[in-house]
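I begin by viewing the model.

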Amino acid sequence: MPSSRLVRLALVGLLLAVVGWIGWSAWSGGTTQDSGDAADARTSGGRLKATYQTEPTNFLRLVAPTAANQMVSLLTQSTLVRLNAAGELEPRLASTWTSSEDGLTWTMTLRPGAKFSDGSPVTTADVAFSVRAALADKAGSAAAGDLRVGGQPVTVQALDDARFTLTFPSPHGAGIAILESLPILPRHKLEAALDAGNLAAVWVPSVAPSDVVGAGPFMLKDYVPGQRLVFGRNPHFYGRDDAGVALPYLDGIDMTIVPEYNTE
């Protein structure tokens with residue numbers, strides 16, 4: 001298995017553990033939300049304290065896919081779909097999808113009411129923008145290869161604000177699983193930079209944390225180089241558990257930067 005795939009799986013595992021952290025607040029002083037059935041009650045609140053050995057060089061993983069950058073992206077951004085541990089596609093920002101008979105065109109529908117962390121709605125315009133950003137030569141995106149088949153790019157056409165088609169230039173065995181590596185980015189925050197050819201210079205570590213907008217479970221609240229990364233719960237995150245309780249359960253994550261293994 002390629003090392004990049006191992007890194008991705010490890011980071012996804014961290015994200016799933018964080019988002020699905022049940023009972024953490026019983027240990028760290030959170031509150032319990034009652035779903036109406038005591039057996040289905042879920043515990044929410046508390047903060048996860050962790051360490052990380054490297055720190056981000058850019059909060060936009062499209063232009064700098066290092067392990068630390070991907071970790072931040074997995075916490076703050078969301079993709080259209082994801083592959084679970086069994087290798088099956090699960091919905092994320094996309095709620096449903098259908099394929100044409102030849103398997104080249106997929107019609108996908110966005111999750112109703114999905115929003116970015118600044119409260120702006122996630123629309124098909126953001127999907128089209130994210131594909132364009134990933135494919136842009138000046139962006140230098142590491143995801144560009146995933147969105148090309150035989151050297152030709154996939155194309156996105158918006159049908160309305162919620163529905164779009166994704167068309168492959170030729171048959172592709174992975175199909176829409178390629179979208180697992182594409183974070184859906186806020187067009188209203190990044191389009192001007194992409195058009196100017198300086199996308200890589202927007203979400204650098206010196207940017208105000210509030211400018212890093214995404215549709216993931218957490219928001220970047222603070223970053224002190226060489227010291228810490230602080231994440232807070234995204235109040236607009238679409239995820240809910242089986243009992244209808246809003247995810248993530250955690251109020252936030254405090255991540256201390258500890259480069260040296262023995263010190264950690």
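I noted that this is a predicted model, in which local features need pLDDT of at least 70, side-chain atom pairs count only at pLDDT 80 or more, and totals for chains, interfaces and linings use all residues. Residues are numbered from 1 along each chain as its sequence is written, and side-chain values use heavy atoms, with hydrogens and water left out.

**Entry 1: aromatic pairs**

How many aromatic pairs does the structure hold? I found two. Rings of Phe, Tyr and Trp (its six-membered ring) pair if their centres lie within 6.5 Å; planes under 30 degrees apart are stacked, over 60 edge-to-face, and the rest tilted.

Phe59 and Tyr223 are edge-to-face, with 5.8 Å centre to centre and 85 degrees between the planes. Phe59 lies in the loop between strand E3 (47-52) and helix H3 (67-76), and Tyr223 in strand E12 (residues 218-224), so the pair ties together parts 164 residues apart in sequence. Helices (H or I, at least four residues) and strands (E, at least two) are DSSP runs, numbered from the N terminus.

Phe59 is buried at 1% relative accessibility, and Tyr223 is buried at 11%. Buried means under 20% relative accessible area, exposed over 50%, and partly exposed in between (1.4 Å probe, protein chains only).

**Entry 2: an open sheet**

I recorded an open sheet of four strands in the order E6-E7-E11-E10, with antiparallel pairing. Two strands pair if DSSP finds at least two bridges between them. Strands E6 (94-99) and E10 (155-158) each have a single partner strand, so one side of each is left without a neighbour in the sheet. Five bridges join E6 to strand E7 (residues 105-110), and Ala94 has Leu110 in E7 as its bridge partner.
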